[in-house]
Amino acid sequence: MEYNVEELSPVKRKISVEVPAEEANAAISTAIALYRMQADVKGFRKGKVPSSIVESKYRKQIYGEATTDLINYQINEILSGLSIQPMSRIDVDAKELVRDEDFNYAIEFEVAPQLDLPEYKGLKVEELDVVVSDEEVAEVETRILANNAEVKVIEDVRNPKDGEVVSVSFGAYQDDQIVEGIQAENFDLVLGEHQALPEFEDMLKTLTAGESGETDVTFPADFINENLAGQTVTMKAKLHAVKERITPEMSDGVAQKAGFKDIETMRTGIRESYGSQRKQMNKSKAQSDLLASIIGEIKDFPLPPAMVEDRIDRLIQDLEYKLDRQGKGFQSLGKTPEELRGDFREEAESTVRTEIFLLTVANKESLEISPEEIDATLTQLAMQTRQPLHELKKYYEDNNLIVPLKDRLLCDKASELIYDAADVKMIAAPSEEAKAPAEATAPAKDALITFENKAEAVEWAVANLGLKESTAKGYSLAKLQERAEKFMAEKDA
């Protein structure tokens, strides 16, 4: 076998291979021998069928497999000898082997560009110091107290109000028929926390214990349950009891229920948890800034097109998964597939650029990933996803995901090496007082909220009002607009 490597571009290679007839014949003979061992031909014992008969009977399969096996073997041998790692699939231009004839074929694939690396060690970078405020600790304590609140039935006969718990049985009806999936018995609902549609809560606030009521509700056209989208139902409910939540005082007993020894241990634990998460976030931000500044120094940085397209595919798959969890599809975004790919291109190019840079550093620094590190990563992933380790490992092996996993770990190692060698300066996080002037001079973006569509209004309500998405979708656009304006008015006041 002889081959010639041709550089089609800084990120594309073509290898032309010439195989002499003797090697081609050997590949065919090997395939015939494998078929001969299993061939079942009438009049012959298995394994005793003459090669000429096996070749004649299974010629198409034999020559096809012999061609594929020979090319695969030689590709691995060539790439290993050249120390080349394809960054795309390998395109093969080949015909089929012919006995007693030389065999020629060519392969093309993309590779990472050869980079002229700038200095990447000993560089200055700033990292925000970790600050956990007393207010943040107090907020967690408030949630812990709320989780330990006792619920007590109110004996007075009166209408319930926000902050109280109502025990209700309810159902949605259309044409006097119950709507499957929208019904419950003795359900405890906290009023004023947006757990239900506002029209339904408003109706419950007109009742006293033992009374029943009903109200009509029209679901929006983009309601998560497509069978009810745009439909009007009658919500019927019976109020069984009104309850109040009695929040305890903070004590060692409450802290122990939350899994801590006492109050001080709990507060220390809260600070450490906040601090650990914030430290990692601040470090990640500083690492990203440092890498971006180094990569920005590389003037000639061509990218393998297939890698960029692959990253765009992954980003779109992630988006599809998120939309699916929200009961939506791509059509809800109002963009064509081409527009979506265009939106993600810059992010994909940045990701590919960073990966190639870090892999180049890893190669220069002779970094390696051991089989034990691969196994440790898969074990952690199996625990996070609650999958059996052997099944997850087999999935990665069957889908050729081990190499991408190894590359990701190499990138992480290279990134840590660069940051460990950096001159890191810890800087104080900006105080609320320092932020205030900047906020005051910035445009009052939320002072007058005008939503362009229902989807935008729902997204804002989930983020700012604490609504569940399904609940927010139950509001009309006008109602969401009204609630947003009320929220901002109370905030400004």
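A salt bridge is defined as a side-chain nitrogen of Lys or Arg within 4 Å of a carboxyl oxygen of Asp or Glu. The model is predicted, so local features need pLDDT of at least 70 and side-chain atom pairs count only at pLDDT 80 or more, while totals for chains, interfaces and linings use all residues. Residues are numbered from 1 along each chain as its sequence is written, and side-chain values use heavy atoms, with hydrogens and water left out.

Asp-134 and Arg-271 form a salt bridge whose closest N and O atoms are 2.4 Å apart. This pair links distant parts of the chain, 137 residues apart: Asp-134 belongs to helix 4 (residues 134-147) and Arg-271 to helix 7. Helices (H or I, at least four residues) and strands (E, at least two) are DSSP runs, numbered from the N terminus. Asp-134 is exposed at 54% relative accessibility, whereas Arg-271 is partly exposed at 32%; buried means under 20% relative accessible area, exposed over 50%, and partly exposed in between (1.4 Å probe, protein chains only).

Helix 7 also holds Lys-285 and Asp-289, four residues apart, about one turn of the helix. Their salt bridge has its closest N and O atoms 2.7 Å apart. The whole structure contains 28 salt bridges.

Elsewhere, four strands form an open sheet in the order 1-2-4-3, with antiparallel pairing; two strands pair if DSSP finds at least two bridges between them. Strand 1 (2-9) and strand 3 (91-94) each have a single partner strand, so one side of each is left without a neighbour in the sheet.
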